[in-house]
Amino acid sequence: MPTWGCLGLQDSASPLMEQLTYFHDHTMFILILITTLVGYILINSTLNSLINRFLLENQEIEIIWTVLPAIILIFIAMPSLRLLYLLDETNNSSITIKTIGHQWYWSYEYSDFLDVEFDSFMAPYSIDSNLRLLDVDNRIPIPLNTQIRLIISAADVIHSWTIPSLGVKADAIPGRLNQVSFLVNRPGLFYGQCSEICGANHSFMPILIESISVDSFLNWVSSNP
Amino acid sequence: VCAVRQVALCQLVHTTAILFTMSSAIMASNAKLETAPFDPRFPNQNQTKYCYQSFVDYHRCQKIKGEDYEPCNYFKKVFSSICPNAWIENWNDQLESGIFPGKI
């Protein structure tokens with residue numbers, strides 16, 4: 001989860017998010033270089049009192065500053081397309097979890113073997129004991145290093161389910177099942193918030209994933225009928 | 001079960017207690033996580049048809065092959081995993097009342 005003054009992406013908890021972060025950093029680096037260069041030239045030209053009365057033609061530099069940006073764009077496009085296709089790969093998931101958005105809470109169903117269902121409401125804020133607007137009463141246990149298929153839908157209006165540190169977001173639409181696939185590669189708590197306006201308490205229906213070892217997960221499932 | 005204040009510690013104790021009293025039967029049958037497989041007929045994000053088609057195929061399979069035909073349970077496994085329970089209950093009620101809109 002982000003801490004105060006956090007400007008960038010959250011630390012990734014999934015290999016795909018890690019790749020997205022690297023791509024973001026790579027592109028941002030190029031953008032800052034370009035912006036600095038252009039800004040420097042701009043300021044320099046503005047503050048320069050001299051005028052070149054014979055500025056004409058200059059084919060060489062025209063070629064350079066047409067070809068060089070094209071090459072830079074290729075350096076951006078190649079990782080971008082690689083990542084685009086990587087995100088679209090089909091995965092053989094080991095477990096399916098369903099999440100249904102309601103006004104104003106999420107409900108989760110684990111139906112692969114024993115049918116486990118529970119609701120997840122925002123925990124009321126009490127000073128010094130939880131994170132305001134982010135903590136929930138029932139967390140979503142997720143087994144580590146396991147490909148998860150998440151089926152997202154809604155019961156009333158459109159909501160949106162997201163966990164930024166996993167790079168996952170999909171709308172929860174009534175009458176439709178949206179599938180996202182992810183893998184959590186470190187244990188911990190990962191937070192998200194409803195991302196589609198859904199009424200009065202839209203800001204008060206957070207999502208909290210707790211990734212645990214496969215054994216702990218199996219224990220939890222079998223002890224929660 | 002666990003009060004808000006000491007959730008982490010309480011859950012740790014709770015989980016450890018369950019670990020020692022676990023019945024091995026459940027452990028063995030769930031040792032390998034398994035779910036509805038990837039179906040190339042539905043490769044994209046919208047899985048609504050996968051859910052509906054599996055439900056309908058299960059009932060058609062039962063109608064054609066009889067209630068005791070074991071392989072029909074593949075479809076049942078799929079739609080139980082993919083379809084929201086509310087949808088399944090609704091469709092089962094409709095089937096019982098004879099108002100299910102699909103062709104079985």
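The questions and answers below go from one chain to the interface and then to single residues.

User: What should I know before reading the values?

Analyst: This is a predicted model, in which local features need pLDDT of at least 70 and side-chain atom pairs count only at pLDDT 80 or more, while totals for chains, interfaces and linings use all residues. Side-chain values use heavy atoms, with hydrogens and water left out, residues are numbered from 1 along each chain as its sequence is written, and chains are lettered from A and ligands numbered from 1 in the order in which they are written.

User: How many helices and how many strands does chain B have?

Analyst: Helices (H or I, at least four residues) and strands (E, at least two) are DSSP runs, numbered from the N terminus. Along its sequence, chain B reads α-α-α-α-α. The count for chain B is therefore five helices and zero strands.

User: What percentage of the residues of chain B count as buried?

Analyst: A residue is buried under 20% relative accessible area, exposed over 50% and partly exposed in between (1.4 Å probe, protein chains only). Chain B has 104 residues, and the buried share of them is 35%.

User: How many residues of chain A are in contact with chain B?

Analyst: Contact means heavy atoms within 4.5 Å. On the side of chain B, 31 residues take part, and in chain A the number is 37 residues.

User: What area is buried between chain B and chain A?

Analyst: The size of an interface is often given as the accessible area lost when the parts come together. Buried area is that loss for two parts (1.4 Å probe), summed over both. Carbon and sulfur atoms give 55% of the area here, and the total is about 2900 Å².

User: Which residues of chain B lose the most area to chain A?

Analyst: Three residues together account for 22% of what the side of chain B buries. They are B:Leu33, B:Gln45 and B:Asn85.

User: Which helix gives the most to the side of chain B that touches chain A?

Analyst: Helices α1 (7–21), α2 (24–29), α3 (48–65), α4 (73–82) and α5 (85–97) of chain B each supply at least two residues of that side. The helix that gives the most, with five residues, is α1(B).

User: How many residue pairs are in polar contact between chain B and chain A?

Analyst: A polar contact is a pair of N or O atoms within 3.5 Å; within protein, one must be able to donate a hydrogen and the other to accept it, and residues adjacent in sequence count only if both atoms are side-chain atoms. A salt bridge is a side-chain nitrogen of Lys or Arg within 4 Å of a carboxyl oxygen of Asp or Glu. Between chain B and chain A there are zero salt bridges. The count of residue pairs in polar contact (both at pLDDT 80 or more) is 15.

User: Which residues of chain A does UniProt place in a transmembrane region?

Analyst: The UniProt entry is unreviewed, and such annotations may be inferred rather than shown by experiment. In the model, the span 28–51 of chain A is 83% helix, with its end C-alpha atoms 34 Å apart. The span 63–87 of chain A is 100% helix, with its end C-alpha atoms 36 Å apart. UniProt gives the feature at residues 28–51 and 63–87.

User: Which residue does A:Lys98 form a salt bridge with?

Analyst: The whole structure has four salt bridges over all chains. A:Lys98 is in strand β1 (residues 95–102) and its partner is in strand β2 (residues 105–110), so the pair ties together parts eleven residues apart in sequence. A:Lys98 counts as buried at 0% relative accessibility. The closest N and O atoms are 3.3 Å apart, and the partner is A:Glu109.

User: How many residues apart in sequence are B:Lys77 and B:Glu34?

Analyst: B:Lys77 forms a salt bridge with B:Glu34, the closest N and O atoms being 4.0 Å apart. B:Lys77 is partly exposed at 29% relative accessibility, and B:Glu34 is partly exposed at 49%. B:Lys77 lies in helix α4 of chain B and B:Glu34 in the loop between α2 and α3, so the pair ties together parts whose separation is 43 residues.

User: Which backbone oxygen does the side chain of A:Ser211 reach?

Analyst: A:Ser211 is in strand β10 (residues 206–212) of chain A and is buried, with a relative accessible area of 4%. At 2.7 Å, its side chain reaches the backbone oxygen of A:Arg186.
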